[in-house]
Amino acid sequence: MAGHSEIDSAFSWLWKSYCQPKHKVFFWLLIKDRLSTRNLLTRRNMELESYNCELCCLAVEESSDRLFLNCPFARQCCGIIALDIPDNSSFPSVVSILKDQLNSEFFMVAVILLSCTISTARNKLIFEGLQWSSQDCRIFSTKSCLWLAIE
């Protein structure tokens with residue numbers, strides 16, 4: 001049918017998840033590449049001192065995929081719940097890989113809360129100067145593991 005395209009399953013899983021609406025909207029913005037990462041600000045012609053990822057301190061531009069999937073900090077946080085993110089992963093296609101790895105009805109809750117935790121760590125660093133470690137993300141891990149254990 002002309003004008004129609006197939007919608008990625010990640011969107012369906014997102015809206016059916018048991019997360020709060022604010023978390024669902026956050027993740028929807030993430031998989032649509034609409035979060036205010038430095039890459040998006042560059043595309044909107046905003047000038048910043050640096051466009052690099054703040055969490056890993058490498059000279060790599062901060063994009064949604066970089067910040068939430070490929071940054072060493074994000075990978076450490078994913079490791080807390082035994083997620084192995086394939087190199088150069090991107091949204092929304094990576095969500096089905098995470099679903100298979102977690103093998104839980106509540107996988108989307110874990111993925112959404114993990115993403116919110118990484119975003120919080122980034123924002124605390126940028127706006128308050130507070131550096132989080134992946135150990136600080138263990139609070140997230142406890143919440144997510146409770147959801148995954150409910151099955």
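Helices here are DSSP runs of H or I with at least four residues, strands are runs of E with at least two, and both are numbered from the N terminus. The model is predicted: local features need pLDDT of at least 70, side-chain atom pairs count only at pLDDT 80 or more, and totals for chains, interfaces and linings use all residues. Residues are numbered from 1 along each chain as its sequence is written, and side-chain values use heavy atoms, with hydrogens and water left out.

Start with the core. A nonpolar core is a set of buried Ala, Val, Leu, Ile, Met, Phe, Trp, Tyr and Cys residues joined through side-chain atoms within 4.5 Å. Buried means under 20% relative accessible area, exposed means over 50%, and partly exposed lies in between (1.4 Å probe, protein chains only). The largest such core has 42 residues. Phe-27, Leu-55, Phe-68, Phe-73, Phe-91 and Ile-118 have the most contacts inside it. Two or more residues of this core come from each of α1 (9-16), α2, α4 (64-70), α5, α6 and α7. Helix α7 gives the largest share, 12 residues. In soluble globular proteins, nonpolar side chains tend to be buried together.

Take Ile-118 next. Contact means heavy atoms within 4.5 Å. Not counting residues up to four places away in sequence, Ile-118 touches Leu-55, Leu-67, Phe-68, Phe-73, Ala-74 and Cys-77.

Now look at how α1 meets α7. Axes are lines fitted to C-alpha atoms, for helices over the stretch in contact, and angles run from 0 to 180 degrees between N-to-C directions. The two axes come within 9 Å and cross at roughly 90 degrees. That makes α1 roughly perpendicular to α7, a label for angles of 65 to 115 degrees (under 35 is roughly parallel, over 145 roughly antiparallel, the rest oblique). Ala-10, Trp-13 and Leu-14 of α1 meet Phe-107, Met-108 and Ile-112 of α7. The residues of this contact are 6 nonpolar, no polar and no charged. Here Ala, Val, Leu, Ile, Met, Phe, Trp, Tyr, Cys and Pro count as nonpolar, Asp, Glu, Lys and Arg as charged, and the others, Gly among them, as polar.

Move to α4. Leu-69 sits in this helix. It is buried, because its relative accessible area is 2%. Beyond four places in sequence, Leu-69 touches Ser-64, Ala-74, Arg-75, Ile-85, Ser-89, Ser-90, Phe-91 and Val-94. Leu-69 and Val-94 are 25 residues apart in sequence, yet 8.9 Å apart in space, C-alpha to C-alpha.

Arg-38 lies in α3 (residues 38-43). Arg-38 counts as buried because its relative accessibility is 10%. Leaving aside neighbours within four places in sequence, its contacts include Glu-54, Glu-62 and Arg-122.

The loops hold some backbone details. Asp-33, between α2 (21-31) and α3, has a positive phi of about 60 degrees although it is not a glycine. At 26% relative accessibility, Asp-33 counts as partly exposed. The peptide bond from Phe-91 to Pro-92 is cis, with omega near -5 degrees. Pro-92 is found in the loop between α5 (72-80) and α6 (94-102).

The loop between α6 and α7 (107-128) holds Asn-103. Phi of Asn-103, another residue that is not glycine, is positive, near 50 degrees. Asn-103 is exposed, with a relative accessible area of 66%. Ser-104 is in the loop between α6 and α7, but counts as buried at 11% relative accessibility. The side chain of Ser-104 reaches the backbone nitrogen of Phe-106 at 3.1 Å.

Definitions and conventions. Polar contact = N/O pair within 3.5 Å; in protein donor to acceptor, adjacent residues only side chain to side chain.
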